[in-house]
Amino acid sequence: MSFRGRPLMLIRGRSRPPSKAVFRGATRETATLRVDAGRTQSRSAEPNGRRPDRYRVVFSQRTPENGEILANVVHYPRRVLRPLRSPCGIASTVTSLALAWGILLAGAAFAPPVQAAVAPPTAVPALMVAGYSVDGATYSKWNVNRARLGNPISSKSCDATSCSQRFQKGHILWTQRTGAQMVLNYAIGARYSAAGWTRGYLGFPTGDEFGLTVRGGAVQNFQNGYVYWSPATGARVVTGAIKGYYAANRYERGFLGYPRSEEAAVRNGVRQDFEGGRVYWSGSTGTVSTTGGHIQTYYENKGGPESYLGMPAGPKTAWQGGYYQRFQGGVITWAQTTGPKSIDAGHFAAWSGDFGRYGWPTADTWKDAAGTHTQFEKGIITTGAPPVAAPGGPVYPFTGVTATEASVVLYGDSQLDGDSWSEQGARAMGFTDQAAHLAYGGMGYSTFSSWSGGTGWTAVEQGLLPFPGGTPGLVLVSMGGNDATTLKSDAQVIADSSALWAKLKLMYPQSRIVINGVMSRSDPSHDRRRHIDAVLAANAARQGVTFISVAGLASDANAQYLDSVHMSQAGHNAVAPLYTAKLAAALGR
């Protein structure tokens with residue numbers, strides 16, 4: 001260690017005081033060492049005015065906030081230290097330094113230190129108030145907030161990285177990163193204290209508490225979150241991913257309003273309540289909210305995240321005069337006429353692509369042995385497993401008619417009007433007894449008919465139609481044209497036709513079931529009808545059902561039409577021979 005580059009050394013006997021030049025021409029020379037934790041340690045050697053034969057050696061440290069010095073004073077005989085006038089080489093310099101440090105450390109042991117004040121190297125604001133010193137950045141913060149904080153009631157306390165001082169109405173907390181900030185003794189301060197104060201998960205304040213224009217609230221920002229307060233909700237913490245979502249939606253000024261609760265754990269995530277709704281977070285869905293209203297109430301009544309619906313997977317969305325919201329386990333819809341309903345996600349996809357056909361859901365999706373079903377205002381969507389009869393229960397509410405091997409059951413749309421090509425073909429094959437002739441205009445596999453009370457599938461599923469009992473020799477199904485006209489999706493037609501065919505197998509397990517395609521011409525106006533015919537043919541092959549394609553058969557027979565889709569009786573008669581040949585081949589005759 002050296003003062004102005006001159007080493008200290010131990011000498012014996014008396015010696016004269018160091019020259020003023022050594023001590024900067026006055027009474028002091030200070031050497032400064034940087035040490036860990038951001039502190040500064042200083043050693044000062046200066047003449048003692050009261051005792052000219054002694055020196056005063058001062059160890060002082062700077063606090064991290066403002067460099068103020070707290071000093072201990074130790075007295076030593078004057079002869080202990082003197083400046084070496086000329087260095088005697090590197091070895092003597094090192095020896096002198098080692099001896100000097102040894103004497104200083106030993107002096108600290110045999111001469112107990114007493115408290116003294118040493119002026120800081122730079123001027124800092126300071127004031128004694130009510131017996132306590134307020135200085136540095138703490139003073140600057142307090143000086144402009146005296147009315148809010150009141151007078152100090154404790155001394156400032158500092159550690160390696162921060163300082164704190166208590167006042168009548170709050171605290172001032174300081175770190176190098178956050179600066180000096182107030183925490184007042186009100187609701188926000190109490191919530192901060194309950195969260196662990198500076199050692200808790202919120203960290204240090206990054207700003208003072210300030211008032212908000214929305215319903216007289218207040219907020220204070222911390223390193224890891226916010227503490228909000230309002231008269232109606234109290235003080236609440238907002239942190240983590242929910243904090244980011246809250247910020248993105250305009251804080252208390254947005255639709256969420258003030259927080260009403262803290263974060264709470266739910267299955268696979270967390271939830272926090274706000275005035276305008278609930279915010280959910282999970283690793284798989286991110287941060288999503290439900291807003292106050294019918295959908296949120298319905299969701300909570302179902303069990304919320306603990307239910308089959310799981311966590312919200314998307315926001316509430318206005319659509320077709322109502323709303324829907326996606327969840328992990330389905331979709332909740334709401335309309336003024338039907339109220340909230342929860343539907344299968346796959347059914348939602350089919351429905352939303354053809355809203356005009358179905359209208360709004362009128363019941364929650366349900367599952368049974370026949371599959372998964374959703375009832376709408378104008379129809380039903382069914383998907384899933386083939387139907388299975390309940391043990392001991394009736395397969396269908398058959399009529400009192402008993403079909404026989406000579407009987408044919410005809411089921412379909414207006415393709416069966418009059419003496420249709422299907423009937424003529426069945427008679428030609430020996431099925432002369434029409435046990436049932438069930439023809440409903442406008443009906444398709446997926447198209448609702450007011451005459452039948454359902455679609456081709458749902459009317460059978462619900463037992464609305466007069467099917468005979470017994471074991472008919474042949475069951476002929478002819479529909480699909482109205483599905484083409486109403487532009488039903490392939491997926492929906494496949495699902496509904498599969499369900500119907502499986503049900504018919506259950507109703508008539510010993511009968512031969514044959515599915516006719518969609519009668520059509522070969523011109524472009526019948527492209528959609530030919531397409532549905534092909535869709536049904538492919539599905540029948542997958543289901544193991546006998547299928548007869550009649551695509552373009554009307555053109556082959558040069559059949560006459562009454563309109564764009566309905567043949568005249570002459571047209572039926574023209575087509576019948578061609579169809580009969582196809583039926584014979586399908587029956588193996």
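User: Why is Trp197 called partly exposed?

Analyst: Happy to walk you through that one, keeping in mind that this is a predicted model. Trp197 has a relative accessible area of 23%. Buried would mean under 20% and exposed over 50%, so Trp197 falls in between and is called partly exposed.

User: And what makes Tyr192 buried?

Analyst: The relative accessibility of Tyr192 is 0%. Because the limit for buried is under 20%, Tyr192 counts as buried.

User: Why is the aromatic pair of Tyr192 and Trp197 called tilted?

Analyst: Two values are needed here: a pair of aromatic rings is described by the distance of the centres and the angle of the planes. For Tyr192 and Trp197 the centres lie 4.8 Å apart, and rings pair if their centres lie within 6.5 Å. The planes make 40 degrees. Stacked needs under 30 degrees and edge-to-face over 60, so this pair is tilted. The structure holds 30 aromatic pairs.

User: What makes the pair of Trp319 and Trp360 edge-to-face?

Analyst: The angle between the planes of Trp319 and Trp360 is 75 degrees, with 5.9 Å centre to centre. Trp360 counts as buried, at 6% relative accessibility.

User: Which residues do ring pairs link into a cluster with Trp319 and Trp360?

Analyst: That cluster also takes in Tyr324, Phe348, Trp351, Phe355, Tyr358 and Phe376.

User: How do you know that Cys158 and Cys163 form a disulfide?

Analyst: Their sulfur atoms are 2.1 Å apart. The cut-off is within 2.5 Å, so Cys158 and Cys163 qualify. By this rule the count comes to one disulfide. The link is right-handed, with 110 degrees about the S-S bond.

User: Are Cys158 and Cys163 buried or partly exposed?

Analyst: They fall into two classes. Cys158 has a relative accessible area of 32%, so it is partly exposed. Cys163, at 3% relative accessibility, counts as buried.

User: What makes Arg521 lie over the face of Tyr561?

Analyst: Arg521 lies at 4.6 Å from the ring centre of Tyr561. The distance limit is within 6 Å, and the charge must also be within 35 degrees of the ring normal. Lys316 is likewise listed over the face of Tyr323, at 5.1 Å from the ring centre.

User: Which residues touch the most other members of the largest nonpolar core?

Analyst: Of its 36 residues, these are Tyr411, Phe467 and Leu500. Among the elements giving two or more residues to this core are β31 (407-412), β32 (433-439) and α13 (527-543). α12 gives the most, with six residues.

User: What is Phe467 in contact with?

Analyst: Leaving aside its neighbours within four places in sequence, Phe467 is in contact with residues including Tyr396, Phe398, Val409, Tyr411, Leu438, Leu504 and Met507. Another core, of 26 residues, lies apart from the largest one and has Val514, Ala554, Ala557 and Met567 among its members.

User: How many residues of the whole protein chain count as buried?

Analyst: Of the 589 residues, 49% do. The protein chain has 15 helices and 36 strands. It exposes about 26600 Å², with carbon and sulfur atoms supplying 54% of that area.

Conventions:
Residues are numbered from 1 along each chain as its sequence is written. This is a predicted model: local features need pLDDT of at least 70, side-chain atom pairs count only at pLDDT 80 or more; totals for chains, interfaces and linings use all residues. Side-chain values use heavy atoms; hydrogens and water are left out. A nonpolar core is a set of buried Ala, Val, Leu, Ile, Met, Phe, Trp, Tyr and Cys residues joined through side-chain atoms within 4.5 Å. Buried means under 20% relative accessible area, exposed over 50%, partly exposed in between (1.4 Å probe, protein chains only). Helices (H or I, at least four residues) and strands (E, at least two) are DSSP runs, numbered from the N terminus. Contact means heavy atoms within 4.5 Å. Accessible areas come from the Shrake-Rupley method with a 1.4 Å probe; for residues, only the protein chains shown count as cover. Rings of Phe, Tyr and Trp (its six-membered ring) pair if their centres lie within 6.5 Å; planes under 30 degrees apart count as stacked, over 60 as edge-to-face and the rest as tilted.
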